[in-house]
Amino acid sequence: MGAVLQARQPVLVREIPKEDRPRERMMLHGAESLSNAELLAILLRTGSRGCSAVDLAEQILKRLGGIRHLIDADLNELTALPGIGVAKATELKAAIEIGRRVARLKNDARPTFASPADAADYMMDRLRFHLKEHFVVLHLDTKNRLIGEEIVSIGSLDSSIAHPREIYKTALKKSAASIICLHNHPSGDPTPSFDDVKVTRRLVEAGQILGIELLDHIIIGENCYISMQEKGWL
């Protein structure tokens, strides 16, 4: 039904009195002054024959039961609405997802790593299930708050390649004050290998030259970890 209605000649925004156009009202008074229907109309851009974008937006919100249900509607539900085709539905879902991600950013305080356990807990569930070794670097500011993270390398079942040049490359770009390195052992045993200790010592030396302190190198096992810092191997 939506595809049929969308094929009809739409009511263009310029046919609406200027003072009633949502876009113009937003430019004059700000987005916060617009109703839910007006905001939705801006995303829809056009209505359908005999129905302005605002009218169409109001109908959509009424059918769905308000903006709260619009957020949860999937593509099938959206394209089942009169006047909503695949293009409009995907644009709405994209806008909703952007809003969700921005809201998540605002609500998420940047993690602070005061101990090896903090860093291990932060990465545990993301690393312990991998079947290959993943080498991750956490970039921190002067107060040990997270400013970035990066998977530097993905290796084999029992080894990963992590060169100091690659590990510190992004840390320099982000002006990190310090870093914490972590990698997993797919075997589940976090006991460091000879190469793990050797790489750690090279990272300490490189960090001293660059002025970016390596706070720790943590090896993640099956719901357990070993911290080089706690072992006194840094």
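Author: Let's start with a pair: the side chains of Arg-126 and Glu-149 meet in a salt bridge, 2.8 Å from N to O. The pair links distant parts of the chain, with Arg-126 in helix H8 (residues 116-127) and Glu-149 in strand E2 (residues 146-154), 23 residues apart. Keep in mind that this is a predicted model.

Reader: What is the general idea behind such a pair?
Author: Side chains of opposite charge can pair when their charged atoms come close.

Reader: How many salt bridges does the count come to?
Author: Nine. One of them joins Arg-25 and Glu-38, whose closest N and O atoms are 2.9 Å apart. Here too the pair links distant parts of the chain: Arg-25 belongs to helix H2 (residues 22-29) and Glu-38 to helix H3 (residues 36-44), 13 residues apart. Glu-38 has a relative accessible area of 14%, so it is buried.

Reader: Which residue forms a salt bridge with Arg-128?
Author: That's Glu-222, with 2.7 Å from N to O. The two are 94 residues apart: Arg-128 sits in the loop between H8 and E1, and Glu-222 in the loop between E4 and strand E5 (225-227). Arg-128 is buried at 19%, whereas Glu-222 is partly exposed at 43%.

Reader: Which residues are linked in a network of salt bridges?
Author: Arg-110, Asp-141 and Arg-145 are.

Reader: Which residues in H10 are buried?
Author: Asp-196, Val-197, Thr-200, Leu-203, Ala-206 and Gly-207.

Reader: And what covers the buried residues of H10?
Author: Both strands and helices. The cover includes strands E1 (134-140), E3 (178-184) and E4 (213-220), along with helices H9 (164-173) and H11 (228-231).

Reader: What happens just after H10?
Author: Look at Gly-211 there: it takes a positive phi of about 80 degrees.

Methods
Residues numbered from 1 in each chain as written. Predicted model: local features only at pLDDT ≥ 70, side-chain atom pairs only at ≥ 80, totals over all residues. Heavy atoms only, no water. Buried < 20%, exposed > 50% of the residue type's maximum accessible area, 1.4 Å probe, protein only. Helix = DSSP H or I, 4+ residues; strand = E, 2+ residues; numbered from the N terminus. Contact = heavy atoms within 4.5 Å. Salt bridge = Lys/Arg side-chain N within 4 Å of Asp/Glu carboxyl O.
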